[in-house]
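Here is a friendly walk through one protein model. Have a look at it first, and then we'll pick out a few spots together.

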Amino acid sequence: MTSTFPNISISTERLVLRPLDEDDVPALADMMNDEQVGAWTAVPQPFSRAAARRWITEYAPAERTTGRGLDLAVTEFLTQRLVGIVQLTKTNWHIRSTELSYIIAPWARGEGYAAEAALATSRWLLTDQKLERIELRTAADNTASQQVAQKIGCISEGVLRGACIAHARAEDGTWTDVRTDYIVWSLLPEDLEGPGEHFAESGGYPSYTDWN
């Protein structure tokens with residue numbers, strides 16, 4: 001029997017993480033068309049509203065119901081605007097593991113939202129969902145994403161050489177594939193105590209641009 005993640009909402013001091021809905025289509029499309037999202041993710045460019053709608057109505061529900069993962073909209077508690085997305089993919093229910101990734105919208109960067117959302121999701125996964133391992137993979141040159149992984153207490157496990165395809169925009173506006181390395185990070189249940197304390201001691205919300 002395949003396990004699945006529940007349809008849930010996770011609240012933090014400033015954020016609400018919830019299932020994507022069709023009202024998110026315009027903001028999701030705008031967020032995914034950002035230059036840096038195009039550079040560091042596999043999101044196709046340009047990213048249309050039709051593609052955003054398919055993501056919300058087809059891809060995300062299928063990921064959850066088949067047990068492969070979960071897509072959560074990251075929204076501001078006060079304004080309810082979409083400021084990012086957290087994704088769980090490649091979930092293995094036998095070994096109780098999943099891969100976590102995050103994207104923050106250009107209009108919300110520099111507020112520490114990626115670390116706040118990733119830490120809240122990780123705590124939920126390792127406590128309520130009883131997972132035993134969360135894995136993150138960051139491109140070798142994506143220092144902002146690496147800072148988020150460090151901020152929430154992840155341990156760097158090593159480098160997957162040449163395993164990542166990043167993208168660079170040419171002068172004519174087209175995108176070119178650029179092969180680079182992946183840095184692999186993990187978070188286990190016993191790692192949770194440290195990041196919470198460090199997160200609180202540092203004020204919780206770093207000023208670096210934690211967009212992805």
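Predicted model: local features only at pLDDT ≥ 70, side-chain atom pairs only at ≥ 80, totals over all residues.

You'll find Asp 71 in strand 3, which covers residues 70–76.

What does the side chain of Asp 71 make polar contacts with? One partner is the side chain of Trp 55, at 2.8 Å. Another is the side chain of Gln 87, at 2.9 Å. Leaving aside residues up to four places away in sequence, Asp 71 also touches several others, including Arg 18, Pro 19, Leu 20, Tyr 59 and Glu 63. Ala 60, Ile 85 and Val 86 are among its contacts too.

## Strand 6 and its partners

Now move along to strand 6, residues 133–139. Most of it is covered, with 5 of the 7 residues buried. To get from strand 5 to strand 6, the chain passes through helix 4 (residues 113–126), making a right-handed β-α-β crossover. If you want a pair to look for, Thr 98 is opposite Ile 134 of strand 6.

Strand 6 also pairs with strand 8 (residues 175–187), this time in the antiparallel sense, over 6 bridges. Here Glu 135 faces Ser 186 of strand 8.

The peptide bond leading from Gln 45 into Pro 46 is cis, and its omega is near -5°.

The other two have a positive phi without being glycine. Arg 96, in the loop between strand 4 (82–92) and strand 5, has phi near 60°. Lys 130, in the loop between helix 4 and strand 6, also has phi near 60°.

Are these two buried or exposed? Arg 96 counts as partly exposed because its relative accessibility is 23%. Lys 130 comes in at 56%, so it counts as exposed.

Definitions and conventions
Residues numbered from 1 in each chain as written. Heavy atoms only, no water. Buried < 20%, exposed > 50% of the residue type's maximum accessible area, 1.4 Å probe, protein only. Helix = DSSP H or I, 4+ residues; strand = E, 2+ residues; numbered from the N terminus. Pairing = 2+ DSSP bridges. Right-handed = clockwise from strand over helix to strand, strands pointing away. Polar contact = N/O pair within 3.5 Å; in protein donor to acceptor, adjacent residues only side chain to side chain. Contact = heavy atoms within 4.5 Å.
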